[in-house]
Amino acid sequence: MSIAGGFLKSLELARNLRSTALQIFSASPRMWAGPGRKVDPGEAEEFRRRRAELGLAPLVIHANYLINLAAPDDRTRALSVSGFRGELERAVALGADFLVVHPGSRRDSTIEAAVDRIAGSMARAARGMNLGSLRILVEITAGQGSAVGSRIEELRAILGACARLPVGVCLDTAHLFAAGYPIHTQEGMDGTMAKIAREIGLDRVRVVHVNGSKALFGSRVDRHEHLGLGQIGLEAMGRIVNHPALAGRAFILETPIDQPGDDWRNVSALWRLAGVEWKQPLDSPAAPADGFRPRRKAARGDQTQTR
Ligand SMILES: [Zn+2]
């Protein structure tokens, strides 16, 4: 959900879309917030009160995209540590349940060295903090460029190295698919979940980003698509969101908004996969009530993403 109109507005947007959980950024996702960027205490209190009233849970915060906890160069890593410190502080202030972060890019260093740096950076960022019930979730990646974390084994190594912190995992259907995990077939989905259970433990998986993929299977390219469009398909999505291994997890959409109503169409499609039929958003009877029927495929090269 957008925080363009303030944190409180994001709660009303989620409510209107009949969401029961939400993910937000706590600052601009593609700019450094500055180390001192805090949430106004009064606004944070009002936000926590209203969220409890609406019963929206869990609250997931997605960390800034510039943060690279694995960065080999000292300057980027220092910026990333202080940026991540700010993310942790704002997440605690807003009462978030989960803070999702990408593991980062290793550039030309080894995976092992990158895992060590991720653990060190996270420990430095969290030093002396009381995280309360906040849990840090490391997100699986598509493996684009030198991104760490596109293999389940790499996530296991990161969790192992960060064992002193409350860490878990965030899955993403588009990333798993592009990273070469065949979640679009029944056997592939079963096998992938069995592998996660073996390597990481299913209890460490707390949030699932549900996104279609414009990018091909195994392409290692991160391009989100509407549910039911793109390469994964609606039938496979139904198997994924109803898979017994993922029961009780928070499912969060990070699908594009190419035209007005796309957010509602994707939310209602997700509910329908879970067996719930909503005819329209709560407060917007004028909004499209025709469910998810995308009128056009996104133009080639369109990289619009909302989170
Ligand atoms: Zn994601």
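**View 1. Overall architecture of the predicted protein chain, with its nine helices and nine strands.** The model is predicted, with local features requiring pLDDT of at least 70 and side-chain atom pairs counting only at pLDDT 80 or more, while totals for chains, interfaces and linings use all residues. Residues are numbered from 1 along each chain as its sequence is written. Helices (H or I, at least four residues) and strands (E, at least two) are DSSP runs, numbered from the N terminus. The C-alpha trace spans about 50 × 50 × 35 Å along its principal axes. The radius of gyration of the protein chain is 19 Å, which agrees with the value near 19 Å for a compact globule of 307 residues; the radius is taken over C-alpha atoms, and the globule rule is 2.2 Å times the number of residues to the power 0.38. Of the 307 residues, 45% count as buried, a residue being buried if 20 or more other C-beta atoms lie within 10 Å of its own, exposed if 12 or fewer, and partly exposed in between, with C-beta atoms placed from the backbone.

**View 2. Packing of helix α1 (residues 7-16) and α2.** The two helices pack at an angle of about 15°, with their axes 9 Å apart. That makes α1 roughly parallel to α2, the term for angles under 35 degrees, whereas those over 145 count as roughly antiparallel, 65 to 115 as roughly perpendicular and the rest as oblique. Axes are lines fitted to C-alpha atoms, for helices over the stretch in contact, and angles run from 0 to 180 degrees between N-to-C directions. Phe7, Leu8, Leu11 and Arg15 in α1 meet Glu43, Glu46, Phe47, Arg50, Arg51 and Leu54 in α2, a contact being a pair of residues whose C-beta atoms, placed from the backbone, lie within 7 Å.

View 3. Just after α2, Gly55 takes a positive phi of about 65°.

**View 4. Helix α3 (residues 74-94) and its surroundings.** With 21 residues, α3 reaches 30 Å from its first C-alpha to its last, close to the 30 Å expected. Its buried residues include Val81, Phe84, Leu88 and Leu94, and also Arg77, Glu87 and Arg90. Among the elements that cover the buried residues of α3 are α1, α2, β2, β3 (98-101) and α4 (111-126). Gly95, whose phi is positive, near 75°, follows α3.

**View 5. Positive phi at Arg18 and Arg220.** Most residues other than glycine have a negative phi. Arg18, although not a glycine, has a positive phi of about 60°, and the residue is partly exposed, with 15 other C-beta atoms within 10 Å. Arg220, in the loop between β7 (212-213) and β8 (224-225), likewise has a positive phi, near 60°, and is partly exposed, with 17 other C-beta atoms within 10 Å.

Key:
Two residues are in contact if their C-beta atoms, placed from the backbone, lie within 7 Å. The expected span of a helix is 1.5 Å times one less than its number of residues.
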